[in-house]
Amino acid sequence: MAAEIQPKPLTRKPILLQRMEGSQEVVNMAVIVPKEEGVISVSEDRTVRVWLKRDSGQYWPSVYHAMPSPCSCMSFNPETRRLSIGLDNGTISEFILSEDYNKMTPVKNYQGGVTALCWDPVQRVLFSGSSDHSVIMWDIGGRKGTAIELQGHNDRVQALSYAQHTRQLISCGGDGGIVVWNMDVERQETPEWLDSDSCQKCDQPFFWNFKQMWDSKKIGLRQHHCRKCGKAVCGKCSSKRSSIPLMGFEFEVRVCDSCHEAITDEERAPTATFHDSKHNIVHVHFDATRGWLLTSGTDKVIKLWDMTPVVS
């Protein structure tokens with residue numbers, strides 16, 4: 001009797017399409033260029049590379065650009081071909097890629113210890129997370145050129161994601177906090193801090209103003225700044241604190257006494273919600289179709305969250 005032939009079991013596994021090599025250090029981020037046979041990558045070796053598929057079938061860099069510092073993150077808008085790159089030295093560098101992806105032209109630089117980036121294509125706003133615990137909203141859409149600060153973390157901001165359909169920004173930090181910001185409000189730019197040798201409320205001299213101290217026979221005071229009006233004030237004239245959510249201050253900050261009286265209860269209403277992930281988040285991905293948030297942490301744990309109760 002002939003031996004029975006056993007069919008071989010079907011084996012399904014991923015098919016490797018391409019292998020792109022050449023970076024001298026860790027590739028911190030890479031994206032597929034939509035509708036193009038291309039990839040953009042940034043690396044700790046300070047290079048930005050645009051890989052295009054050649055006639056041979058291999059991917060080779062059409063752009064090889066050296067940055068002044070290691071590249072930590074990036075955000076790419078395929079509609080405008082605007083590429084934003086976060087550097088370890090605290091700079092955000094912006095470029096426009098040519099239509100054939102063979103050239104990148106510098107546009108502008110911004111400062112701030114950059115740890116994460118994301119882009120709102122509708123409002124044309126770039127969000128950057130920082131090592132100084134803040135999120136900056138950069139209006140680079142050609143309207144006002146403003147930069148609005150959002151303070152809601154007690155540690156460095158590790159990751160950002162934007163829910164475009166509800167205009168809510170999700171920021172995650174090293175403190176384990178997940179903050180959901182309502183960006184569908186008219187936010188105010190924080191004022192520049194004013195310079196003065198004496199308190200701009202009571203005219204008491206600050207401690208470096210030796211002439212006024214001598215003339216008035218008064219001890220110099222320490223200088224503070226009101227976060228609402230930006231004036232230089234002494235501690236006596238800024239004895240109170242208040243949250244100013246529309247300026248991005250969800251936590252209480254120092255304000256002068258007159259500004260404290262002028263801030264209404266409506267203006268103190270929070271524009272963000274705070275949640276504890278109970279792990280140090282290093283990366284985040286938001287699925288807007290299902291309202292799911294994926295977080296990964298230094299504790300080697302991946303957590304999947306249903307955000308529909310807060311992102312809706």
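**Close-up 1. Strand E13, an enclosed strand.** In this predicted model, seven of the seven residues of strand E13 (residues 157–163) are buried, so the rest of the structure largely encloses this strand. Buried here means under 20% relative accessible area.

**Close-up 2. Strand E13 meets strand E14.** Strand E14 covers residues 168–173, and it pairs with E13 in the antiparallel sense over six bridges. Which residue of E14 is the bridge partner of Leu160? Look for Ser171. Another bridge to find joins Val157 to Gly173 in E14.

Close-up 3. Strands of a sheet pair through backbone hydrogen bonds, in either a parallel or an antiparallel way. Here four strands form an open sheet, its order being E13-E14-E15-E20, and the pairing is antiparallel. Which strands sit at the edges? They are E13 and strand E20 (272–276), each of which pairs on one side only. From one strand to the next, the twist averages 15 degrees.

Close-up 4. Now move to strand E19 (residues 249–255), where Val253 lies. Is Val253 buried or exposed? With a relative accessible area of 14%, Val253 is buried, because the cut-off for that term is under 20%. Leaving aside residues up to four places away in sequence, Val253 touches Arg227, Lys240, Arg241, Ser242 and Ile244.

**Close-up 5. A nonpolar patch on the surface.** Trp292, Leu294, Ile302 and Leu304 form a nonpolar patch on the surface, and together they have about 400 Å² of accessible area. Strand E22 (292–297) and strand E23 (302–306) are the elements that give two or more residues to this patch. One member to pick out is Ile302, found in strand E23. Its relative accessible area is 60%, so Ile302 counts as exposed, a term used for values over 50%.

Notes
Residues are numbered from 1 along each chain as its sequence is written. This is a predicted model: local features need pLDDT of at least 70, side-chain atom pairs count only at pLDDT 80 or more; totals for chains, interfaces and linings use all residues. Side-chain values use heavy atoms; hydrogens and water are left out. Patches are made of residues with over 30% relative accessible area and no salt bridge: like charges are joined within 9 Å, nonpolar side chains (Val, Leu, Ile, Met, Phe, Trp, Tyr) within 5 Å. Accessible areas come from the Shrake-Rupley method with a 1.4 Å probe; for residues, only the protein chains shown count as cover. A salt bridge is a side-chain nitrogen of Lys or Arg within 4 Å of a carboxyl oxygen of Asp or Glu. Buried means under 20% relative accessible area, exposed over 50%, partly exposed in between (1.4 Å probe, protein chains only). Two strands pair if DSSP finds at least two bridges between them. Axes are lines fitted to C-alpha atoms, for helices over the stretch in contact, and angles run from 0 to 180 degrees between N-to-C directions. Contact means heavy atoms within 4.5 Å.
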